[in-house]
Amino acid sequence: MVGSSYKRYLLGVGSLLLVLFLGGCSISYKFSGTSIDYTRTKTFSVSLFNNQAPLVYPPLSQSFTESLRELFRRQTRLEEVGQAGDFSLEGAIVGYDLAPVAVQENSYALLTRFTMTVSVHFENSANPKKNFDKNFSAYTDFESSSLFSDVQDDLVRQLTEDITKQIFNATAEDW
């Protein structure tokens, strides 16, 4: 009987310590991954990103801007406004370049590198210390035997997704 009482005593003390320990801990999850203070930040705005690159792909400006807006709509609880949001993004597509890579002995490139660069001006009205002007860039390689016009839409979609995620990470996720 003494052993049984002692086991109940240890079980009671262990339970009490577990409750005290867990009571002093705070666990916080952010399923969206954002670090936005929604008590101070309620809106976002994304101005049209004009295409100022030397090589211009006409649908890029609108599709890039809409992709960035859509990312903020999907991944945050911020309300989109036309201008002057608490998070305000504007900028331009400043690079849209093709360059040969993996040049062979016969001086022909096996691959071509497609690079897109976007200049971003970000203002955070709730925390102006986080404002920035920064370039974001991404690239992908494709076989030089392919015509760029045949693969362009898919490559643009791929790089747009990559760059918009970089921008989102730098603003809403504070990376």
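A crossing is left-handed if the near helix is turned anticlockwise from the far one by less than a right angle, and right-handed if clockwise. This is a predicted model, where local features need pLDDT of at least 70, side-chain atom pairs count only at pLDDT 80 or more, and totals for chains, interfaces and linings use all residues. Residues are numbered from 1 along each chain as its sequence is written, and side-chain values use heavy atoms, with hydrogens and water left out.

Q: What is the handedness of the crossing of α2 and α3?
A: The α2 and α3 crossing is right-handed. Helices here are DSSP runs (H or I, at least four residues), numbered from the N terminus.

Q: Why is α2 called oblique to α3?
A: The axes of α2 (residues 60–75) and α3 (residues 148–171) cross at roughly 45° and come within 10 Å. That angle makes α2 oblique to α3: under 35 degrees would be roughly parallel, over 145 roughly antiparallel, 65 to 115 roughly perpendicular, and the rest is oblique. Axes are lines fitted to C-alpha atoms, for helices over the stretch in contact, with angles from 0 to 180 degrees between N-to-C directions.

Q: Which residues of α2 and α3 meet?
A: Contact means heavy atoms within 4.5 Å. Among the residues that meet are Leu 60, Phe 64 and Leu 68 in α2, and Val 156, Ile 163 and Phe 168 in α3.

Q: What makes Glu 66 and Arg 73 a salt bridge?
A: Their side chains meet at 2.4 Å, N to O. A salt bridge asks for a side-chain nitrogen of Lys or Arg within 4 Å of a carboxyl oxygen of Asp or Glu, and this pair qualifies. Arg 73 also bridges to Glu 70 at 2.9 Å, N to O; both lie in α2, 3 residues apart, about one turn of the helix. Glu 66, Arg 69, Glu 70, Arg 73 and Glu 80 are linked in a network of salt bridges.

Q: Why does Glu 66 count as partly exposed?
A: Buried means under 20% relative accessible area, exposed over 50%, and partly exposed in between (1.4 Å probe, protein chains only). Glu 66 has 31% relative accessibility, so Glu 66 is partly exposed. Arg 73, at 32%, counts as partly exposed too.

Q: How far apart are Lys 165 and Glu 161 in helix α3?
A: They are 4 residues apart, about one helical turn. Their closest N and O atoms are 3.1 Å apart, in a salt bridge.

Conventions:
Helix = DSSP H or I, 4+ residues; strand = E, 2+ residues; numbered from the N terminus.
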